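Dear colleague,

Please find below the sequence and the structure that I am handing over to you. A short account of the findings follows.

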Amino acid sequence: MTPSSSAVSVLDPDLTLLPAVAHRLDFTEHQAEVPLHTHRKGQLILALHGAVTCTAADQIWIVPPHCGVWIPGAIPHSARATANARLNYLFVEPGAANLPDSCRTLSISPMIREMIDRLADEGADYPADGHAARLARVALDELARMPRQRFNLPVSDNPKIRLIADALTTEPSDRRTLGEWAGRVAMSERSLARLIVRETGLTFGRWRQQLHLVVALRELASGEAVQNVSVALGYDSVNAFITMFKKALGTTPAQYFAQRNGGRSPARPGRPRSR
């Protein structure tokens with residue numbers, strides 16, 4: 001049966017003034033698309049399994065396993081989850097924790113994962129002076145100490161940059177050169193190069209590589225085979241894709257996911273996606 005309910009309709013976090021409330025979501029029960037919305041509380045999106053891609057603050061953010069995306073309160077955001085995604089949301093009252101005032105990808109320690117998962121069992125109406133409240137305070141203190149990661153893709157409201165971003169996120173294997181894109185958006189190559197750096201902080205080559213990394217993490221976390229991801233991104237060989245991945249993250253795709261999934265790797269090159 002096709003899921004019909006939106007994850008946004010499940011919980012209104014602003015109905016409580018508790019410092020932190022957590023909620024567990026299984027996207028086999030909800031639509032993959034989470035529409036643009038906002039709330040007073042800040043939100044940490046934590047992937048237990050699979051992955052979710054968020055759009056907020058002119059950035060595209062990937063939430064692979066063992067990481068979380070922090071979105072401060074009042075920032076409009078939307079998301080798209082993989083079909084196998086299981087997530088924990090942690091909603092944080094403004095001022096309740098020393099968390100960034102802008103969107104960030106955070107590493108999440110096993111202890112914080114377990115505390116947030118335990119807090120999700122408590123619902124949104126636990127006593128303010130009980131065990132769950134103490135657990136929430138410790139979780140928030142620890143969360144504020146977590147290191148930041150770079151699993152985001154800067155985009156822009158500039159219509160020319162948005163056109164290129166939309167095209168490449170739809171078809172990431174597109175290998176058109178900067179000069180060819182310049183012709184597409186009616187600019188000189190030099191002017192487009194300057195515009196991309198000004199709007200995203202990255203050169204075109206670095207920006208497209210970051211896009212490939214974001215897409216690769218999402219697809220590998222969903223269970224897609226390394227070879228299939230390599231082809232989808234337009235690489236000439238699996239080795240070329242693995243080289244890009246290792247250069248960006250310091251490890252191969254298999255090692256990256258094995259370290260984060262208790263020894264389980266994503267599908268091996270050429271292996272069909274598990275169902």
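This is a predicted model: local features need pLDDT of at least 70, side-chain atom pairs count only at pLDDT 80 or more; totals for chains, interfaces and linings use all residues.

Tyr-89 deserves a separate look. Leaving aside residues up to four places away in sequence, Tyr-89 touches Ala-7, Val-21, Ala-22, His-23, Leu-25, Phe-27, Val-34, Gln-43, Leu-44 and Ile-45.

**Two helices in contact**

Two packed helices are described by the angle between their axes and the distance between the axes. Helix α3 (residues 159-170) and helix α6 (residues 204-221) have axes that come within 11 Å and cross at roughly 40°. α3 is therefore oblique to α6. The crossing of α3 past α6 is right-handed. On the α3 side, the contact is made by Ile-164, Ala-165, Leu-168 and Thr-169, and on the α6 side by Phe-204, Trp-207, Arg-208 and Leu-211. Sorted by class, this contact of α3 with α6 has six nonpolar residues, one polar and one charged.

**A loop residue**

Glu-122 sits in the loop between α1 (110-120) and α2. Along the chain, Glu-122 and Pro-172 are 50 residues apart, and their C-alpha atoms are separated by 41 Å.

Yours sincerely

Key: Residues are numbered from 1 along each chain as its sequence is written. Side-chain values use heavy atoms; hydrogens and water are left out. Contact means heavy atoms within 4.5 Å. Axes are lines fitted to C-alpha atoms, for helices over the stretch in contact, and angles run from 0 to 180 degrees between N-to-C directions. Helices (H or I, at least four residues) and strands (E, at least two) are DSSP runs, numbered from the N terminus. Angles under 35 degrees count as roughly parallel, over 145 as roughly antiparallel, 65 to 115 as roughly perpendicular and the rest as oblique. A crossing is left-handed if the near helix is turned anticlockwise from the far one by less than a right angle, and right-handed if clockwise. Ala, Val, Leu, Ile, Met, Phe, Trp, Tyr, Cys and Pro count as nonpolar, Asp, Glu, Lys and Arg as charged, and the others, Gly among them, as polar.
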